[in-house]
Amino acid sequence: MSKKHVVLSLSGGMDSSSLLLKLLKDGYEVTALSFDIGQKHKVELERATELVKYLNDGYDSSLEGVKWGKIKHQIIKLDGLSELLVSGLIDNNSMELKRGHYAHENALTTVVPNRNSIFASIVYAVALSVVKKTGEKCQIALGTHMGDFDNKTQTGIYPDCSEEFRTALEHAFKIGNWDSDKVDYYAPYNITDKMGVLKDGIDSCEYFNLDFKEIYSRTNTSYAPIYVG
């Protein structure tokens, strides 16, 4: 019986962490990639590592269908980009990170040029390699959602989170790679908002009988986090 494989872009934020839980609930064998692009908020990489460790410590292969599968996690270092990118999120003094509402114009300072395309390309390359290694199909998964870009109104801060962008990117991947017929681009939250993502995460915690607070204390939801001692 073939396995279900997926390569996930895991930022350490609530959205991709919720998607990780969903993928485990759906029986996927998960390879999770986190990206170091020289971001100011390195805490997100710490959170991703903490969450994977917490889940892997609870892994039990003898209880298939009840417990989750073991997660493979790797941080991909792209910090050589940090001197070349202009964004309030990058630690290079290229732009001030302005505070404000998620949908406010100030949030434009959190845009990293072509970020999801960069991440998805690397995730796709790994998925193609999973296909070569296993001979089985593989998905790539990103936790983009309609709070990032509303596909109905075509408005939002992050157009690289739109369904139109996802479709175009997948098309480019498929015409540019051998074995691309065995890789699909999975972005299930593109039809919901942040509250929908959170609800899905809660459902996954209940499914696995996981403590919601324990899980989400190992995620990051701010681009300007404050440590509380």
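A contact here means heavy atoms within 4.5 Å. The model in these views is predicted.

View 1. Ser204 sits in helix 5, which spans residues 194-208. Leaving aside residues up to four places away in sequence, Ser204 touches Leu21, Lys22 and Lys25. Ser204 has 0% relative accessibility, so Ser204 counts as buried; the cut-off for buried is under 20%.

**View 2. Strand 1 is mostly covered.** Strand 1 covers residues 4-9. Of its six residues, five are buried.

**View 3. Strand 1 beside strand 2.** Strand 2 takes in residues 28-36. Strands 1 and 2 run parallel, joined by six bridges. Look for His5: its bridge partner in strand 2 is Glu29.

**View 4. A β-α-β unit.** Strand 1, helix 1 and strand 2 together form this unit. Helix 1 is made of residues 14-25. The unit is right-handed.

**View 5. Strand 1 beside strand 4.** Strand 4 consists of residues 138-141. Four bridges link strand 4 to strand 1, and the two run parallel. Here, Val6 stands opposite Gln139 of strand 4.

**View 6. Confidence in the model, and residues 225-229.** Across the protein, pLDDT averages 91. A score of at least 70 is reached by 91% of the residues. Over residues 225-229, pLDDT stays under 50. For residues 225-229 the model has six contacts beyond four places in sequence.

Key: Residues are numbered from 1 along each chain as its sequence is written. This is a predicted model: local features need pLDDT of at least 70, side-chain atom pairs count only at pLDDT 80 or more; totals for chains, interfaces and linings use all residues. Side-chain values use heavy atoms; hydrogens and water are left out. Buried means under 20% relative accessible area, exposed over 50%, partly exposed in between (1.4 Å probe, protein chains only). Two strands pair if DSSP finds at least two bridges between them. A crossover is right-handed if, with the strands pointing away from the viewer, the path from the first strand over the helix to the second runs clockwise. pLDDT is the predictor's confidence in each residue, from 0 to 100.
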